[in-house]
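Here's a quick briefing to keep beside the viewer.

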Amino acid sequence: MSISINYHREGEGEPLLLFHGIGHHWQGWRPVIKRLSTDFDVIACDSPGFGSSAPLPAGIEPTIPAYVDAFEWFLAELGLERPHVAGNSMGGAIALELARRRAIRSACAFSPAGFWTPRERRFAQISLRALADMPAAARPSVEALARTRPGRVALFSQTFGYPTRLPAEEAVATLRDAWASPSFKATLAAFEQYDFANPEQLRSTPVTIAWGMRDRLLPYRLQAPRARELLPWATHLTIGAGHVPFYDDPAAVAEAIRASARQPSAAASARVGRS
């Protein structure tokens, strides 16, 4: 597979990859990156077809497994052997699937996709489709609205717990990159093919799942309990944030990732037990 993934890299330490959700871009992680770059070699990625990354090659449907394949190739291209990974929403699902393949050292997933019912998945698709289908003629007015505090509350309350903490320029950039994405609609449609399953396959990798209690896209009260039921051995956290938590509570996000990276793997635990 030949892919071109745009990424931002800074910091020193063990490698840590960051994956955003559908319609977003690596810049959404900025408040968290500055808190992690003293401890990690942070690599924040634009998923194929989003931000400044080229789409997946022609003929490859943009499903979650296809994105996981792409990022496995990306790890090989960078020469990264089992880095730490954190992801949000679709990026959280990618992180968990990389853990299933034992391609990473730890996975920290924030409001990961896949713990939905068909009805809840459809709700998320309809909600995000409204952004993807925004008529070009309406976009300048929506951008102007996003530059105001009341406008950000109106536009982003479903995905951000505290929309006024989102800077105006980042709000506008988020909208523009979502509208410019060549893969948004196809990836959204491909969610039909994904549900998280077979949790036992992840046992060898430390997994943390964090959910924002103000998540209104993949609702916390419905989907976080399913994640706990399916992965009782994982670390589960509740944070005071929305679906996209980076500006809501960057300190809590950074600490969740640090704690996830500090967890011993099952193999390491077994070695300790035999010593």
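Before we start, a contact here means heavy atoms within 4.5 Å. Keep in mind that this is a predicted model. The chain carries 11 helices and seven strands.

**Overall shape**
- With 275 residues, a compact globule would come out with a radius of gyration near 19 Å, and the chain's 18 Å agrees with that.
- Laid along its principal axes, the C-alpha trace spans about 65 × 40 × 40 Å.

**Packing and contacts**
- Buried residues account for 55% of the 275 in the chain.
- Take the contacts with a separation of 6 or more: 76% of them link residues 24 or more positions apart.

**A closer look at A171**
- You'll find A171 in helix α7, which covers residues 168–180.
- Is A171 buried or exposed? A171 has a relative accessible area of 0%, and buried means under 20%, so A171 counts as buried.
- Leaving out residues up to four places away in sequence, A171 touches A146, R152, F156 and L166.
- One of those partners, R152, is 19 residues from A171 in sequence, with 7.5 Å between the two C-alpha atoms.

Definitions and conventions: Residues numbered from 1 in each chain as written. Predicted model: local features only at pLDDT ≥ 70, side-chain atom pairs only at ≥ 80, totals over all residues. Heavy atoms only, no water. Helix = DSSP H or I, 4+ residues; strand = E, 2+ residues; numbered from the N terminus. Rg over C-alpha atoms; globule rule 2.2 N^0.38 Å. Buried < 20%, exposed > 50% of the residue type's maximum accessible area, 1.4 Å probe, protein only.
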